Each structure stands twice: as structure tokens, then as C-alpha cells.
Amino acid sequence: MAKEIEIPQPRKPVGPGRLALRIFGLAVALLIVWHIIEWFTVSSSRIEVGAATTVLTAPLDAQGVPDYRAALNAEYGRGATPADNVAVALLDAFGPDVLPKDKAVRADVLALLGVAEPPAGGDYFTDVASAARILEKGTATEPASDEAVKETADSINRDLDAALLDPWTAGDHPLLAAWLEMNRAHLPAIQSASRRGRFFWPLIPDDLSPGSADGQPADPRYWNMVPDAGWALVADAMLQIGRGQAAPAIDDLLAAHRLARLQGQDPTQLGRFIALLLRWRAARGVTCLAQRELLDGPTARSLLASLNALDELPPMASIVDHGQRLVVLRSLIAQSHRETWCDWNAILRRTNGYFDQLVAAGRIADYPERAKAFEELLSRQPPGVGGGAVFKSLVARLVLTGPTLRQTLSGGYAYMLFAQAFGPNVVGVSRADEQARMADMVSRLALSLAAYKADHGGYPDALAALAPDYVPAVPADWFVNQPLHYAREGAGYLLYSVGANMTDDGGQMDVVRRDQKDDKGPNRDDIAVRVAPAAASQPAAEIAGDQETTTAPAR
């Protein structure tokens, strides 16, 4: 049988549309190859020192990048002496265990403080964890288990959270009372230390190189000195108020307020957060003093004058601009030594741009406008970030605008750090700072009302009656640029600000406790003082109108 011969058929001509598609596909493939070659051959690990990237250009460390630690220590430690530095006095009270573990860093910190290391084994302030181990000491044959010690420490901390909000007695919180008694001998020294004029605790390398954009310290024990001292002062003040003793409570609360102002000299966001929490809790104590009606007119006016004489904390925007910005930049530079997949100079430039926007928003004097600027800043997304079109946006930017793959991904990474890390943190601390400032102001108005009642036999029908004898002028609720809410309730009153959420919650605030599993639910944040008839016989939480169902921080 004859073999069939296949006659080749002529190919169909390629249409112009298919040809264009093939050319485009080839171009994309070549572009991808070029980006892959660029990825593996172009090095971008060398940091460019300059105002747009590192901000500081000196001093430089051994790797040729700014030594942010040295710069910050030199700046905010300037003029601090051992005799005037509250951190030195607290070191004497807390002992050598609060110093960094690393011997070289430890020696450097002591040199910057200008002091010798305190002797080991002295009679020092006992922290909660150590107190729990003492209280659960067990016996020689059956020592206390770690679980039992942890449970006791957790109990003390829960009691401490409650004691920072309400007057209490030793019968209410016996473990907390035992911890406070262990440290009672140190309270006069802490009160005296709070009268010093400076706070300087040197930043150590771990503070600025933690491997995260938040700048949280890797070894935080020394960060606990001011909080532990402050919580002890406020807890003791609340104990004294529970006993009806105004004078020792006033000494404690003024010392706590002074410590908050001193801690506020720290240039970092973490330092500011500690300062605002202590200010908030000290203000709460002052409020409870006024609510319990323990003050006569002269005492109330004297305390008010002392509080009015305290310095205000530096503007939060300055901390963000000159402190936290450098903390984040140093953290990014430390990360660049470990990861070379992206253009770190591009990330530094983008990060500085985001900080510029945060600082500009933070310097808006009007709170509603500032809150709106923060919200718009955090919700704004740059091109090619977010949504289901990420891949299309990425390809479009690579093809049409010509940035390298490294540059494109670096821009996205910088935005991610801003949107998910330091941006919300800055905004959150700024908001909490305003809450603490308002709590302080409301507590002073409560003192003015207490002095008015002592002089006139009752509270005024309107806050305007306080000016000018008790306050120069009645302050407004700057959260909404409206008058503070004030209304007489029988023989007492209800006074409140609507808080940072700018919503009138009827004088209610939701308190987040340390054992709470989540923070879902209401977000009421009114800052209130309620004085009802027979106030001295009621729990402070009822007096204040705080429905402590569970957005005030625990400490």
C-alpha cells in the first residue's frame, strides 16, 4: 500500500493583536529577568548618611552610621548631675539589680550617671515578683513552686490595679498591703527624690536596637524604677484616703505628680507613656481626695497651688520628632545589617516622610482637627498598597514608572511599618497623653469645687462661679471645644469631659484590666468626677460614675 504523503499546510499569518501580545509578554519576561539580576547583583546595604535618611550626621559609630544612643544621651543628659538627677536617687533605692546585665554596658551607664555601683545585698525596694517569692517562701523541705509564686505576683498586680483606682484598706487587699509594707521605709526617700530637677537614665544599645520598629527595650528592668516607685506612692495615697488621712495622701500624690514630670524628660515614646500613666493615676488620687470631702478650704487651695506650679510635660510632637524618630531609624538601620533584600535608604527616606506627617499632625493645636489629621494619615494608602489590585499595581509601577523591584518592595515595606507599627503607636500614645492631661485638669477643678464648698457650704450651680477666686478662668473641654459638662446632683455634682473619642458617654469610662482577654465592647472614655450625698461612705468607683465593666489602661 502506498504511503500517504503529508502535504504541509501554510501557517496562518499572526494577527497584529496577537503579535503585540507576544511582544508585550517578551518585554515583561525580559523586565522580570532584569529585576532578578538587579536583585542579586545590586547591593543597597550601605546606609547613606544624610538629613533625608539618617537625620543625624554625627557622631558616627564604628559602622559609619549615626550613633543615636550617644547623641540622645548627650542631648538629654546635658547638665544632669548626680545631686540633681532623680534616677541616681532611685538607683540608690532600688539597688544594682536594675542595672543592665552586660558588664560593659553596666559600666558605661554608671559612668554616664557619674556614680559607683550600689553595693549588692542592701536593703532595697522590693518589686512585686520578689515580694511574691518572699510571701511564698515555703519551707526548707517544700520550697514554694514557681506556679505558686506567679499566682501570688498576679494577685498583687490585680490588687494594685484596683488600688490605683479606688481608696482601699488592708483588709481589701492583704497581699498588696504586705508588698507596700515591705517598701514603706523607702517611700520618704522616693518623696524626697521627686523634688530633684532632672531625670536622666542613659539609653543602652538594647533600647535602640531591639530588632523591631517599636523601640521596646530588650532588658526592661530599669524602666520599672519610676513606675514601681510611682505605683507605690499612689497605692499608699489611696490607702491613706481609705483611712480618712488626707495629709499623708497629699504628700504621696504630689511626689507621684513630680515623678511623672521628671519621667517626662525622657526623649522616647516609652518614657512618655510611663510619664502619662503616672500622671493619670496621680490625678485619680487627687480626684478621690476631693470626692471623699477630706479637705478643708486652705488645704484644698494649697494642694491646688502646688499642682498648678508643676511644669507641663514637653509637647508630644517634640518627643515624636526628636526622640522616637531616632529610635525607629536606629532600629531600621540595625535591621539593615541583617537583611539586605530591600533598599534601606529608600525605607529610611519614606520613614522620615511619615514622621514628618505625624509631627505636622501632632502640632495642630485644635484637638478635633488633630484627631482628623491623624485618622486621615493612618487611613491613607500609597499607590500599589492594599486591596485586591496589589499585584496589578506592582506590575504597573514596575513597567510604567520604572522603579526597580527592590525600590518598589521597599516602599511597600516602609508603609507597612508605618501603618502597622510606629504610626498607630504614636497616635495611640498621643491620644492617651491628652486623656491624662485632661484627667489632671479635671482633678484640679474638683479641688477648686472642694475649696468652694468649704468656703460657701455647698457646691456652685455653675462652674463660672469658680472664677476668678478659685481658677483664673474656667477651662473648656478641648476634645470638642465646648464647655465641660457640669450639673448639680442633689447636694453633690457630676463633672466630666467627653474624652478623646469626642463622644458624650454620660460620664462613663470603660477600664481595661490586666486579666481581660480582649478589649472588645464599649469604648466609653469620659473623664468624670461625681460627688453624691454622703460621698465619704461610698466606693470611689460609684462616686466617679466609672462603670468599670472592664479604655483607661490598667496602669
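Where does Met502 lie? Met502 is in the loop between β4 and β5. Its phi is near 60 degrees, a positive value in a residue other than glycine. At a relative accessible area of 34%, Met502 is partly exposed. Buried means under 20% relative accessible area, exposed means over 50%, and partly exposed is in between, with a 1.4 Å probe and protein chains only.

The model is predicted: local features need pLDDT of at least 70, side-chain atom pairs count only at pLDDT 80 or more, and totals for chains, interfaces and linings use all residues. Residues are numbered from 1 along each chain as its sequence is written, and side-chain values use heavy atoms, with hydrogens and water left out. Helices (H or I, at least four residues) and strands (E, at least two) are DSSP runs, numbered from the N terminus.

## Backbone exceptions

Most residues other than glycine have a negative phi, and most peptide bonds are trans. Glu293 has a positive phi, near 55 degrees, and is not a glycine. Glu293 sits in the loop between α12 and α13 (297–308). Its relative accessibility is 36%, so Glu293 counts as partly exposed.

Two cis peptide bonds also belong here. One joins Ala58 and Pro59, with omega about -5 degrees. Pro59 is in the loop between α1 (16–41) and α2 (68–76). Another joins Ala467 and Pro468, with omega about 5 degrees. Pro468 falls in the loop between α18 (405–456) and β1 (476–477).

## The sheet

Strands of a sheet pair through backbone hydrogen bonds, either parallel or antiparallel. Here three strands form an open sheet in the order β3-β4-β5, with antiparallel pairing. Two strands pair if DSSP finds at least two bridges between them. The edge strands are β3 (485–489) and β5 (527–531), and each pairs on one side only. Neighbouring strands are turned by 10 degrees against each other on average, direction ignored.

β3 and β4 pair over five bridges. They form a hairpin with two residues between them. In the turn, Gly490 has a positive phi of about 65 degrees. Five bridges also join β4 (residues 492–497) to β5. Tyr496 takes part on both sides: His485 stands opposite Tyr496 in β4, and Tyr496 stands opposite Ala528 in β5.

## Helix packing

Two packed helices are described by the angle between their axes and the distance between the axes. Axes are lines fitted to C-alpha atoms, for helices over the stretch in contact, and angles run from 0 to 180 degrees between N-to-C directions. Two pairs are listed below.

| Helix pair | Axes within | Crossing angle |
|---|---|---|
| α14 (residues 316–336) and α15 (residues 344–362) | 10 Å | roughly 165 degrees |
| α11 (residues 246–263) and α12 (residues 269–291) | 8 Å | roughly 160 degrees |

The angle of roughly 165 degrees makes α14 roughly antiparallel to α15. The angle of roughly 160 degrees makes α11 roughly antiparallel to α12. Angles under 35 degrees count as roughly parallel, over 145 as roughly antiparallel, 65 to 115 as roughly perpendicular and the rest as oblique.

α14 passes α15 in a right-handed crossing, while α11 passes α12 in a left-handed crossing. A crossing is left-handed if the near helix is turned anticlockwise from the far one by less than a right angle, and right-handed if clockwise.

Contact means heavy atoms within 4.5 Å. On the α11 side, the contact residues include Ala249, Leu253, Ala256 and Ala260. On the α12 side, they include Gly271, Ala275, Leu278 and Ala282. The residues of this contact divide into 14 nonpolar, four polar and two charged. Ala, Val, Leu, Ile, Met, Phe, Trp, Tyr, Cys and Pro count as nonpolar, Asp, Glu, Lys and Arg as charged, and the others, Gly among them, as polar.

Val328, Leu329 and Leu332 are among the α14 residues that meet α15. Trp344, Leu348 and Phe355 are among their partners in α15. This contact divides into eleven nonpolar, six polar and three charged residues.

## Buried positions

Asn345 is also in α15. At 4% relative accessibility, Asn345 counts as buried. Asn345 and Gly50 are 295 residues apart in sequence and 9.9 Å apart in space, C-alpha to C-alpha.

Helix α3 (residues 86–94) is mostly covered, with eight of its nine residues buried. Among them are Val86, Leu90, Leu91 and Phe94. The cover includes α4 (103–113), α8 (187–193), α10 (225–242) and α11.
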